[in-house]
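User: Could you walk me through this structure, a bit at a time? I'm new to this, so please spell out the terms.

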Amino acid sequence: MPESSFAAWSRDRLALARRGADECGDVWQLEPGVYVAATAGPCEEVLCRAQDFPKAPSPLFPPLKRSSGAPTPEERARAHAARMRGLRAQAVGARIGEIAPEAARFADQWPEGQDVEILPPVRHALAEIGVRYLFSEDAPTLLPFASQLFLAREVLVRPSRWDWPRWIPTPARRFRTRQQVAFTDALQPIVRRRRSSGRLGDDMLGQMLRPSSRYGLLPEEAVLDTLPGITVATFETPTRAAGWILLHLAQHPQAAGRVAAEAALLPADPAATTSTHLGGLQYTQALVREVLRLHPPSWLLTRRATRQTQLADYTIDAGSTVLVCLYTAHRDAREHSEPDQFQPERWLDDSGSQAKPGVFLPFGTGPHGCEGAALAMAMLTLLTAHIARRYHLSEPPGPEPGYQVTTFEGLATAGLRLRATSRS
């Protein structure tokens, strides 16, 4: 489906989802060869059946030309295992004291009493947190290149009248490649310096540079190929989520007050924050989960069938596309009472268990679930806590919202403007 047609369809689909997905069924055929999984069970099933519905390699930052050729499935598995050493929940928990100060600094710098377009500074703050988490003391060197990678991504995914084959070097793709090469050229001497000195570091890059008992040492090319995409991912999707979270803090002052009360128990020195403190922010985490349920930043995922198979009442032919609509899955009335209502409390009891299939999929699930889910939750929870601790948020006055909902490449609050007033 051409990008421009898909963008129009996604807006229409989201409007229909707001009226309720029950008229569409669990799975329906959009057009020949294109199916939509709309409710919790089928969405979970598609994402977990990776052999039938694999995730395509990301076209945004494909591996650069290499002396050893394209990465093999084994090399991709090795790179994934190396990244996860630095991204699993235990690794993130050990570094909460590095994440919290950046979240607090952003709250400290929010200009009070002004209607501020908030997504650009939020993106910058999350980029600083994410890039520092990945590269620690080398983050200042790489942050400008990470910002250019993000710009290249935005140019590349911009809707177009034409659906160009991926082998055609369009201006957007050439710009992407230049920024990817610049990032890699800045990263390569850092990798070589760390390896030659033996001081690998405790950040995610350091974890990737350590040999594993199963795979041994990850080749330099694999390290360089895998990091542009994961670098942008640490702040691009969380920024969209943060926009929705901050909007809900403004629209639900009672909920914001409960978050502020929890956050008041955090250490006065943010660097002293630990995973225990993060675990104590139970209502804050529930609020973040509820916003991600209502407004999953990546609301529509694409999978392609590798062979003929069954999904609900349909026989899916090989090569067919299945669109996994997390937005409607999260609003499945069979899984959530009052599914369109903002109720963070639903995540504080057993009835809101994330273990139930399909009820909470903002990070996907199965073999291709988001690698950075634990990091994203920590970043968003701490950012939410520190902002609510300091400020009351409000929307600009007027009959129209101070933002525009966009759906292409993600559900976002474009142009969101908010005002902060001190709680003290």
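User: How exposed is Arg105, in relative accessible area?

Analyst: First, a heads-up: this is a predicted model, where local features need pLDDT of at least 70, side-chain atom pairs count only at pLDDT 80 or more, and totals for chains, interfaces and linings use all residues. Residues are numbered from 1 along each chain as its sequence is written, and side-chain values use heavy atoms, with hydrogens and water left out. Buried means under 20% relative accessible area, exposed over 50%, and partly exposed in between (1.4 Å probe, protein chains only). Arg105 counts as partly exposed, because its relative accessible area is 37%.

User: Which residue does the side chain of Arg105 meet in a salt bridge?

Analyst: Side chains of opposite charge can pair when their charged atoms come close. For a salt bridge, a side-chain nitrogen of Lys or Arg must be within 4 Å of a carboxyl oxygen of Asp or Glu. At 2.8 Å, N to O, the partner is Glu102.

User: Is Glu102 buried or exposed?

Analyst: The relative accessibility of Glu102 is 12%. That makes Glu102 buried.

User: How many salt bridges does a search of the whole structure find?

Analyst: The pair Arg105 and Glu102 is one example. Searching the whole structure gives a total of 24.

User: How far apart are the closest N and O atoms of Glu137 and Arg194?

Analyst: These two link distant parts of the chain, with Glu137 in the loop between helix 6 (119–135) and helix 7 (139–157) and Arg194 in helix 8 (residues 171–197), 57 residues apart. Glu137 is exposed at 53% relative accessibility, whereas Arg194 is buried at 0%. They form a salt bridge, and the closest N and O atoms are apart by 4.0 Å.

User: Which residues are joined with Arg194 into one network?

Analyst: Arg194 also meets Asp138 in a salt bridge (2.9 Å, N to O). Asp138 lies in the loop between helix 6 and helix 7, so this pair ties together parts 56 residues apart in sequence. Both Arg194 and Asp138 are buried. Through salt bridges that share partners, Arg194 is joined with Glu137, Asp138, Arg193 and Asp203.

User: Which backbone oxygen does the side chain of Ser320 reach?

Analyst: Ser320 sits in the loop between strand 6 (314–316) and strand 7 (321–325). Its relative accessible area is 6%, so Ser320 is buried. At 3.0 Å, its side chain reaches the backbone oxygen of Asp317.

User: Which residues is Ser320 in contact with, leaving aside its neighbours within four places in sequence?

Analyst: Contact means heavy atoms within 4.5 Å. With those neighbours set aside, the list for Ser320 is Gly33, Tyr35, Arg303, Arg304 and Ala305.

User: Which helix gives the most to the lining of the second largest pocket?

Analyst: On a 1 Å grid over the protein atoms alone, a pocket is an open set of points with protein on both sides within 12 Å along at least five of seven lines, and lining residues have an atom within 4 Å of a point. This pocket is lined by 20 residues, with Glu154, Arg240, Thr406, Phe408 and Ala412 nearest its centre. Helix 6, helix 7, helix 11 (236–251) and strand 10 (412–414) each supply at least two lining residues. With 4 residues, the one that gives the most is helix 7.

How values were computed
1 Å grid on protein atoms, 1.4 Å probe; cavity = no way out; pocket = protein on both sides within 12 Å on 5 of 7 lines; lining within 4 Å. Polar contact = N/O pair within 3.5 Å; in protein donor to acceptor, adjacent residues only side chain to side chain.
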